[in-house]
Amino acid sequence: MSALLVAEQVLNGLQYGMMLFLMAAGLTLVFGVMGLINLAHGALYMTGAFACAAVAAATGSFWLGLAASLAAAASAGALVELAVIRRLYARDHLDQVLATFALILVFSETTRWLFGSFPLYLSLPEALSGAVDLPGGLVYPAFRLAIIGIGFAVAVFLFWLIGRTRLGIRIRAGEADREMIAALGVDIGRLYTLVFALGAALAGLAGALVGTIQSVQVGMGEPVLILAFVVIVIGGIGSIRGALVGALVVGMTDTLGKAFLPQLFALAMEPSAARAVGSALASMLIYILMAAVLIVRPQGLFGARA
Amino acid sequence: MNRAAIIDAGLFAALVAVALVAQAAGEPFVITLATKAAIFALAGVGLNLVLGYGGLVSFGHAAFFGIGGYVAGILASHAMSGAPVATFPFTMQGTNEMLAIWPMAMAVAGLVALAIGALSLRTSGVYFIMVTLAFAQMLYYFAISWPAYGGEDGLSFYVRNTFPGLNTFDPIQFFAIVAVLLGLALGLSALIVRSRFGLALRAARAAPGRAVAVGIRPFGIRLTAFVISGMITGLAGALYADLNRFVSPAMLSWHMSGEIMVFVILGGVGRLAGPLAGAGAYILLEHLLGGVSEYWQALLGLLLLVIVLFAPGGIVGMLNGGRGR
């Protein structure tokens, strides 16, 4: 394994981590502010991907598709919040899990009805379809680099939004004491809808970007949702910083583990057994990491409480 | 008998009656449906112990369901091929005796529940939900990427396992086995809930602070309940493998965890026969709505939403007029 290969896998891990961050940021915000566990976050990811695929196919422009993914996921999120989620804030986690599980069924089956079961494929936008020569002789796809860039931009935007704006102050205040900020005249219902729509838009953006490099299909959201859960368990619920660190750690561990563990085992075992053991272990690696974090810090790396 | 006990007994009798009528009418397919409902109910009885009485929302019970299934599948496939399951530290042969498979399935599921529970119970609330889900997903990916037992394709064993004195291929006889086990599990749950242990478990759910103050240490109680719960759900998994003569990673998937949870909640959380009512209703809906539309799960989703938002007590809660747990 050459240094070039390692560098390429590190970039892959970074790109994967950034996607997970987009998912985890919305989940952790919604949990932190509203105290709601939202299983349907993966459905919003899927909504973004399908909106992007449909609009890009109809107009021929990937960028219009990307804008559509943000708009569709945000409006689907706002709609779901107003119709269903709003009634769940005062309920216990069990009701929230069941209701959002029901939402997954509704979203998935409706999408299957509209678009069919076959995966859709998006083509890369002209400007980003090539590869970029990086220093050191590494050639890397431009689109994946753009994903890393978008992820960083969103992270900076969120840190600015939460830390530096009036809306961010309200969001943080809502996390700390919802009765008090309602008493101070903030329309808490509107704030919740806004935060939910923001999280949904980020999920939709992630869905559109990942859908472009992989495929767009029903059920694409749930594996990512569960990884996002792992990310926020590691990072600590409610913390954007925790989501970023957790996402990068999970993205790196998973990518590097899958790329190099089988080869590592091949040093000591015969190739076919090494491939089996290595790939089985690599697929479990992030969960083992999560278990380790739980043993040392049950509240997560940046979490305030367990 | 009080009203709750009459409802529980009535639901169980209804299940048996469906199978007997189907037998008399010569409808083996309906008997198989009733068997499936009974197996799902058994899995739900396991989950209900922690979810309903312990207040622990485990979103990873597919792990135990799948492990039970895989234990049955692996033992049966080794019995067929004749190769030993393990040669170290002692030689272990495969078997197709249900009476040998069930304890193995329960033991392995119980051990895994011990490990998962010991880690997950360090957390609470929403963390617990996510962590149990993640551990089940870990086993799911392991089953997919481990090629020895079929990997992604799953594992078929062509002959249903045997039970002394019965022909397990006859639908009604297999149903009888499942129904007896379900009845035993329901009885065991009723005993557990009424015991000192069960009272402590419910105390730790209702008022953790007070439970600690009177000298109950929740962790050990909860872990014990989690292990028993995993063992019951593991047994259901072994039976489900036998019903289909097939196991696949789908039994371990998060969707399965969600469905087991739906059985419990649809029927009524923390009510003895809740899982039975829920699993029965689920199978019935699948059968009826499945005939109406290919996309019946969307309708199921809407129905679930209505139940969560407007009828939190589930089916048994409605039958019981919203009274007592």
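Start with helix H6 of chain A, residues 166-176: Gly168(A), Ile171(A) and Gly174(A) are buried there. Buried means under 20% relative accessible area and exposed over 50%, with a 1.4 Å probe and protein chains only. Helices are DSSP runs of H or I, at least four residues, numbered from the N terminus. Look down the axis of H6(A): its buried residues fall within an arc of 120°, so they line one face. That arc is taken from the directions from the helix axis to the C-beta atoms.

This is a predicted model: local features need pLDDT of at least 70, side-chain atom pairs count only at pLDDT 80 or more, and totals for chains, interfaces and linings use all residues. Residues are numbered from 1 along each chain as its sequence is written, chains are lettered from A and ligands numbered from 1 in the order written, and side-chain values use heavy atoms, without hydrogens and water.

The face away from its buried side carries exposed Arg166(A) and Ala176(A).

Next, select Leu182(B). Beyond its neighbours within four places in sequence, Leu182(B) is in contact (heavy atoms within 4.5 Å) with residues including Phe12(B), Ala38(B) and Leu276(B).

Last stop: the largest pocket. On a 1 Å grid over the protein atoms alone, a pocket is an open set of points with protein on both sides within 12 Å along at least five of seven lines; lining residues have an atom within 4 Å of a point. Which residues lie nearest its centre? Select Gly219(A), Met220(A), Pro223(A), Val224(A) and Tyr141(B). The lining has 43 residues. H1(A) gives the largest share, seven residues.

Conventions: 1 Å grid on protein atoms, 1.4 Å probe; cavity = no way out; pocket = protein on both sides within 12 Å on 5 of 7 lines; lining within 4 Å. Helix = DSSP H or I, 4+ residues; strand = E, 2+ residues; numbered from the N terminus.
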